[in-house]
Amino acid sequence: MSQLGEQLRDPLRELYQEVIIDHARNPRNFGTVSNVTHHAEGFNPLCGDQLSLEVEIENNKIKDAKFKGTGCAISTASASLMTQFLKDKNVGEAEQIVKEFIDMLTQSPKIEHPNLGKLTVLAGVHDYPARVKCATLAWHTLDAALKREAKIASTE
Amino acid sequence: MSFNVDKIRADFPILQQQVNGKLLVYLDNAATTQKPKVVLDALINYYQTTNSNVHRGVHTLSMQATDAYEAARTTCQKFINATEAREIIFCRGTTEAINLVAQAYGRNTLKTGDEILISQLEHHSNIVPWQLVCEQTGAILKVAPINEQGEIMMSEYQTLLSSKTKIVAINHVSNSLGTINPVKEMTMMAHAVGAKVLIDGAQALAHVNVDVQDINCDFYAASGHKVYAPMGIGFLYGKAAILEAMQPYQAGGEMIQTVSFLKSTYAPIPQKFEAGTPNVGDAIALGAALTYLTKIGRENIHHYEHELLDYATQQADNFPGLRIIGTAKDKISILAFVLDGIHPHDVGTILDHEGIAVRTGHHCTMPLMEFFKVPATVRASMAFYNTKQEIDELFCALRKVQEMFE
């Protein structure tokens with residue numbers, strides 16, 4: 001990190017960790033899935049962030065997950081990390097992770113979240129109430145996709 | 001120039017505080033402005049000495065409250081050079097004022113196939129009330145396009161005007177870009193086809209001279225909180241003859257002459273449009289804010305704000321990776337922009353850490369964001385209490401934002 005960057009106070013770097021910046025700049029799994037079985041659209045009416053999520057599920061297992069859309073670093077990194085994390089998880093596990101992730105951001109960031117692994121880099125968002133919805137957009141969208149809800153997932 | 005910004009800043013208690021360990025740099029004045037001590041004092045004084053219901057009591061306080069409330073109306077009238085005080089209707093703000101016109105005028109006069117003309121620059125509050133009235137009456141909403149600078153294309157505007165056009169609703173100043181629209185010329189063109197004209201003055205009142213007789217608009221809507229007064233108060237100006245011919249908007253106490261179960265008759269304007277106990281304290285505080293601005297001198301304010309805009313624009317032009325959104329020739333002190341590869345919300349969060357308050361998002365103008373093909377912008381909106389030093393701090397912080405994302 002450059003000297004100027006060092007001058008920024010720590011809490012900010014805790015929010016914008018290198019991993020998050022990396023995933024925001026080079027999102028993984030950005031695109032579309034060839035054999036889509038589940039999909040949903042996510043929308044945050046407050047800021048206009050949009051996200052389209054496609055998932056391929058075979059024998060109750062997530063084979064592939066990809067997303068497209070526009071959003072801030074937090075929302076893009078969250079979607080990118082999520083799609084990486086989902087691969088080879090079964091649907092039950094994915095549903096459990098959705099709950100745990102949203103809980104980490106809205107309830108208890110300090111509690112250990114061993115199931116969340118790398119996703120805990122986003123725990124710092126808890127301290128920025130205005131940004132929590134950025135981080136949870138992809139997850140609400142996943143929840144809608146898994147439930148095969150036809151409607152657009154919304155953070156509101 | 002007899003303008004001392006340090007003296008002005010001392011009038012605003014909120015500006016003396018620190019945010020995130022840094023002296024507050026408040027650059028979100030297009031969202032709401034801060035309140036000078038004279039406005040806060042007017043509120044406290046009203047509630048400590050005068051508080052009483054208006055227009056009905058024979059006791060001393062009620063008469064004093066009525067006098068102060070009506071004096072505030074006269075202050076608003078003079079501030080926009082309306083012909084008469086009764087042409088000023090107090091309401092919650094610009095949004096309510098526009099809804100009042102849409103429902104009490106539009107809904108009662110529009111027929112299927114009639115047209116309402118707005119522009120691409122409008123705030124949602126000057127779009128959605130008209131969409132609603134279109135659904136109710138079968139009228140059609142037309143939109144005048146803008147050019148790449150963010151100015152309404154006057155030739156297109158002219159083309160869209162026809163004998164079908166019954167209402168033209170245009171903002172005086174764009175909240176997202178700062179563009180000042182040629183409302184006098186646009187009103188003249190609209191009147192030539194027989195349309196009535198509403199000007200959304202929410203962003204204008206604090207930053208440009210408003211003379212409703214010169215503009216010759218039929219309605220002018222404004223919000224107190226954008227002009228250094230409290231939230232929850234604003235006014236609608238309307239030409240007396242038009243207001244008199246209109247049906248009431250809301251019904252209740254204050255707006256009646258006589259009530260019987262067979263038929264009630266309405267009070268004359270402005271009371272006809274002020275049903276229920278009005279927001280007396282905030283109206284008085286609005287009067288205090290306008291008096292304060294007049295005392296400082298509106299020309300001085302506008303001149304100083306223009307200097308700030310020029311200073312900020314110059315820095316923005318020389319800032320690598322920054323693109324200004326909205327480059328109209330005629331602008332108020334709003335600088336909207338995007339940084340390459342960095343989302344406005346991330347910019348906003350990092351600036352907040354530096355004690356700098358800006359607005360990020362679509363600014364309630366989603367169609368306008370679509371036009372510029374950006375999901376959102378960062379908007380620094382300056383007022384006469386801001387300084388060049390604060391603008392330096394903004395750009396210094398923007399460099400830090402870029403460092404963070406390198």
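Reply: A salt bridge is a side-chain nitrogen of Lys or Arg within 4 Å of a carboxyl oxygen of Asp or Glu. Side chains of opposite charge can pair when their charged atoms come close. Please keep in mind that this is a predicted model.

Let's start with chain B. The side chains of Glu307(B) and Lys388(B) form a salt bridge, with 3.8 Å from N to O. This pair joins distant parts of the chain: Glu307(B) sits in helix α11 (residues 298-317) of chain B, while Lys388(B) belongs to helix α14 (residues 388-404) of chain B, and the two are 81 residues apart. Glu307(B) is partly exposed, at a relative accessible area of 30%, and Lys388(B) is partly exposed too, at 36%.

Lys400(B) and Glu354(B) meet through their side chains in a salt bridge of 3.2 Å, N to O. Here again distant parts of the chain are linked: Lys400(B) is in helix α14 of chain B, and Glu354(B) lies in the loop between α12 (344-353) and β15 (356-357) of chain B, 46 residues apart. Are these two residues buried or exposed? Both Lys400(B) and Glu354(B) are buried, and that label means a relative accessible area under 20%.

Now over to chain A. Lys147(A) and Asp143(A) pair their side chains in a salt bridge, at 3.0 Å from N to O. Lys147(A) is partly exposed, with a relative accessible area of 48%, and Asp143(A) is partly exposed with 24%. Elsewhere in chain A, a network of salt bridges ties together Glu56(A), Glu58(A) and Lys63(A). Searching the whole structure gives 21 salt bridges over all chains.

How many salt bridges are there between chain B and chain A? The count is one. In a salt bridge across the two chains, the side chains of Arg131(A) and Asp346(B) meet at 2.8 Å, N to O. There are also seven residue pairs in polar contact between chain B and chain A, counting pairs with both residues at pLDDT 80 or more.

The area buried between chain B and chain A is about 1900 Å², and carbon and sulfur atoms give 61% of it. Within the area that chain B buries against chain A, His353(B), Met404(B) and Phe405(B) supply 33%, more than any other three residues.

One last stop is a histidine in chain A. His113(A) lies in the loop between α5 (91-106) and α6 (132-146) of chain A. His113(A) is buried, because its relative accessible area is 9%, and the cut-off for buried is under 20%. Leaving aside residues up to four places away in sequence, His113(A) touches Glu100(A), Asp103(A), Met104(A), Ser108(A) and Thr120(A).

How values were computed: Residues are numbered from 1 along each chain as its sequence is written. Chains are lettered from A and ligands numbered from 1 in the order in which they are written. This is a predicted model: local features need pLDDT of at least 70, side-chain atom pairs count only at pLDDT 80 or more; totals for chains, interfaces and linings use all residues. Side-chain values use heavy atoms; hydrogens and water are left out. Buried means under 20% relative accessible area, exposed over 50%, partly exposed in between (1.4 Å probe, protein chains only). Helices (H or I, at least four residues) and strands (E, at least two) are DSSP runs, numbered from the N terminus. Buried area is the accessible area (1.4 Å probe) that two parts lose on being put together, summed over both. A polar contact is a pair of N or O atoms within 3.5 Å; within protein, one must be able to donate a hydrogen and the other to accept it, and residues adjacent in sequence count only if both atoms are side-chain atoms. Contact means heavy atoms within 4.5 Å.
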